[in-house]
Amino acid sequence: MLYFKSCGRCGDGTVELGTDNFGSYLRCIVCGYTINSKSIRDEVDNQATRQTVNSNR
Ligand SMILES: [Zn+2]
């Protein structure tokens, strides 16, 4: 999944949602900025999607 112009560092980069052994991560394909799964889970948690967050621990 791609998020256009969603990079937290360069602001205009396309961010790719990927998965590895540790879970999901977001990576800007323009500048290489990476947000790890923990940050994503914190954000998801704030957005009230608690089920997937807690079941994966
Ligand atoms: Zn970027």
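Which residue in strand 2 does Leu2 stand opposite?

Analyst: In this predicted model, Leu2 stands opposite Glu16 of strand 2. That position belongs to the pairing of strand 1 (residues 2-3) with strand 2 (residues 15-20), which is antiparallel and comprises 2 bridges.

Strand 2 also pairs with strand 3 (residues 23-28), again in the antiparallel sense, through 6 bridges. Among the residues involved, Asp20 has Gly23 in strand 3 as its bridge partner. Strands 2 and 3 form a hairpin, with 2 residues between them. As a general point, side chains in a regular strand alternate between the two faces of the sheet.

The loop that links strand 1 to strand 2 contains Gly8. Gly8 counts as exposed because it has 12 C-beta neighbours inside 10 Å, and the limit for that class is 12 or fewer. Leaving aside residues up to four places away in sequence, Gly8 touches Tyr33 and Ile35. Tyr33 is 25 residues from Gly8 along the chain, and the C-alpha atoms of the two are separated by 7.9 Å.

The wider context is as follows. The protein chain has 4 strands and 2 helices, arranged along the sequence as β-β-β-β-α-α. Of its 57 residues, 9% count as buried. Among contacts in the chain with a separation of 6 or more, 12% are between residues 24 or more positions apart.

Notes
Residues numbered from 1 in each chain as written. Predicted model: local features only at pLDDT ≥ 70, side-chain atom pairs only at ≥ 80, totals over all residues. Buried ≥ 20, exposed ≤ 12 C-beta atoms within 10 Å, placed from the backbone. Contact = placed C-beta atoms within 7 Å. Pairing = 2+ DSSP bridges.
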